[in-house]
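Please look over the sequence and the model below before reading on.

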Amino acid sequence: TPAAASDGGGASLMVHHSRDSAEKQWDETRVLVVAGAARVFASFHYILRRQADFKSAWDLLLAKLSDAAACESEEVSKAAALALQDAFRPVPAADAPGVSQAGINPGVTSALDQAVWEMAWQTYIRVAKSTVTRRPIANQSHLVAVVDSFAPLYKHLHQTFTPSDVSKLLETLRDLADLQHHDTLTISTMTRVQDSALKATVMLLQDPVQGNSTGEYRVEPGSDSGLVTNTAISLVDIRAFAAIAGKCPICVSTRV
């Protein structure tokens with residue numbers, strides 16, 4: 001959109017139609033802020049966590065990302081989902097500048113680790129649920145961004161992930177996948193959202209902490225032992241699942 005020429009008759013300023021209003025420009029500002037804040041926490045995670053108020057700062061970041069994800073602007077909401085991926089993927093301590101390796105044991109989950117990533121997990125569920133209920137329905141790339149935010153988060157959670165957490169996740173994945181689907185689903189018509197949701201489900205099946213070589217999920221007594229399998233099958237029909245099974249040894253043992 002051409003802006004008004006200056007009084008001196010000089011060249012006019014061209015403003016792209018995606019930024020031709022104060023509201024659109026504010027959306028872009030929010031996008032830059034949420035993305036930048038998440039990158040700061042990801043890049044300096046192991047330095048920031050030395051501070052006494054790290055948990056409060058982390059909680060504030062997650063709250064702001066959650067608020068942004070619920071924004072009416074799809075641009076801002078999608079940016080928040082992508083920012084979560086960055087926040088959930090901190091630079092490893094070994095690569096972080098200025099971080100002493102003394103006392104760092106990547107195989108040990110500290111109380112701080114548990115608290116930090118439990119907060120992140122609760123935020124992920126809130127963001128996913130707000131995405132499911134938003135109208136108009138989020139576009140496919142936005143939904144994929146939300147689903148894909150779980151994979152980097154799970155790396156921090158897998159040792160403490162409970163059957164209750166699995167149930168909550170699978171219900172959320174199913175609801176997200178249902179927003180973009182084909183009535184007659186085959187491996188060739190699977191949407192990107194369904195593909196991402198299925199990959200997240202298979203990731204749980206393949207995790208030695210959560211499953212075993214037979215593809216059976218380790219669950220608490222009295223719980224639904226077929227929960228993971230049934231949810232995976234609900235994402236795709238039998239033909240599609242059979243095609244995927246050929247590439248996934250664990251899926252081969254899945255029973256309907």
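The model is a predicted one, in which local features need pLDDT of at least 70 and side-chain atom pairs count only at pLDDT 80 or more, while totals for chains, interfaces and linings use all residues. Residues are numbered from 1 along each chain as its sequence is written, and side-chain values use heavy atoms, with hydrogens and water left out.

Helices are DSSP runs of H or I with at least four residues, strands are runs of E with at least two, and both are numbered from the N terminus. L32 has its place in helix α1, residues 22-43, and counts as exposed because its relative accessibility is 55%. The C-alpha atom of L32 is separated by 10.0 Å from that of A83, although the two residues are 51 residues apart along the chain.

S66, by contrast, belongs to helix α3, which covers residues 54-69, and counts as buried because its relative accessibility is 13%. If contact is taken as heavy atoms within 4.5 Å, S66 touches T123, R126 and V127, with residues up to four places away in sequence not counted.

These contacts lead to the packing of two helices. With axes fitted as lines to C-alpha atoms, for helices over the stretch in contact, and angles running from 0 to 180 degrees between N-to-C directions, the axes of α3 and helix α5 (residues 111-133) come within 9 Å and cross at roughly 10°. The two helices are therefore roughly parallel, on a scale where angles under 35 degrees are roughly parallel, over 145 roughly antiparallel, 65 to 115 roughly perpendicular and the rest oblique. Among the residues that make the contact are F54, W58 and S66 of α3, together with W117, T123, R126 and V127 of α5.

Aromatic rings come next. Rings of Phe, Tyr and Trp (its six-membered ring) pair if their centres lie within 6.5 Å, and planes under 30 degrees apart count as stacked, over 60 as edge-to-face and the rest as tilted. The structure holds twelve aromatic pairs. In one of them, F41 and W58 have ring centres 6.0 Å apart and planes at 50°, so the pair is tilted; F41 in helix α1 and W58 in helix α3 are 17 residues apart, and the pair links distant parts of the chain. The rings of F54 and W58 have centres 6.2 Å apart and planes at 20°, so this pair is stacked. F54 and W58 both lie in helix α3, four residues apart, about one turn of the helix. F54 is buried at a relative accessible area of 3%, and W58 is buried at 0%. One aromatic cluster is formed by F41, F54, W58, F88 and W117.

The structure also holds three salt bridges, each a side-chain nitrogen of Lys or Arg within 4 Å of a carboxyl oxygen of Asp or Glu. D113 forms one with R49, the closest N and O atoms being 2.7 Å apart. Because D113 lies in helix α5 and R49 in the loop between α2 (45-48) and α3, this pair ties together parts that are 64 residues apart in sequence. In another, D175 meets R174 at 3.5 Å, N to O; D175 counts as partly exposed at 30% relative accessibility, and R174 is partly exposed at 34%.

Note on methods. Buried means under 20% relative accessible area, exposed over 50%, partly exposed in between (1.4 Å probe, protein chains only).
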